[in-house]
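Please read the following briefing alongside the sequence and the model. The points are grouped by topic, and the cut-offs behind each term are given where the term is used.

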Amino acid sequence: MKTCPICKTKFEDSADFCPKCKAQLEEEKVVVKKEKEKIPKSFWFTLLGVFGFILLVILVYNIMYAGIA
Ligand SMILES: [Zn+2]
């Protein structure tokens, strides 16, 4: 998907110029990429996974300890 920098109209990837403004179209993907670079989603998923694993280990340890005692 491409967007006209003047009228913000969206066009197909095959289009190069806006028929109304005659302006060169900009790739919408570039704008999305910049936003994603700030906080990568994979980082939060890894963090969640690590915390989830630690919580599970503590939970299992407590259940086993309570069972023995
Ligand atoms: Zn335009």
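Trp44 has a relative accessibility of 43% and therefore counts as partly exposed, a class that lies between buried (under 20% relative accessible area) and exposed (over 50%), as judged with a 1.4 Å probe and protein chains only. This is a predicted model, in which local features need pLDDT of at least 70 and side-chain atom pairs count only at pLDDT 80 or more, whereas totals for chains, interfaces and linings use all residues. Residues are numbered from 1 along each chain as its sequence is written, and side-chain values use heavy atoms, with hydrogens and water left out.

**Aromatic pairs and nonpolar surface**

- The structure holds two aromatic pairs, where rings of Phe, Tyr and Trp (its six-membered ring) pair if their centres lie within 6.5 Å, and planes under 30 degrees apart count as stacked, over 60 as edge-to-face and the rest as tilted.
- Ile39, Phe43, Trp44, Leu47 and Phe51 form a nonpolar patch on the surface, with about 520 Å² of accessible area together.
- Such a patch is made of residues with over 30% relative accessible area and no salt bridge, nonpolar side chains (Val, Leu, Ile, Met, Phe, Trp, Tyr) being joined within 5 Å and like charges within 9 Å; accessible areas come from the Shrake-Rupley method with a 1.4 Å probe, and for residues only the protein chains shown count as cover.

**Zinc site**

- The protein donors of the zinc ion are Cys4 (SG), Cys7 (SG), Cys18 (SG) and Cys21 (SG), which lie 2.2 to 2.4 Å from the ion; donors are N, O and S atoms within 2.8 Å of the metal (3.2 Å for Na, K and Ca).
- The four donor atoms subtend angles of 104 to 114° around the zinc ion, so the arrangement is tetrahedral, a term that requires all angles of four donors to lie between 85 and 135 degrees.
- At 1% relative accessibility Cys18 counts as buried, whereas Cys21, at 27%, counts as partly exposed.

Definitions and conventions: Tetrahedral: all angles 85-135°; square planar, octahedral: opposite > 155°, others 65-115°. Salt bridge = Lys/Arg side-chain N within 4 Å of Asp/Glu carboxyl O.
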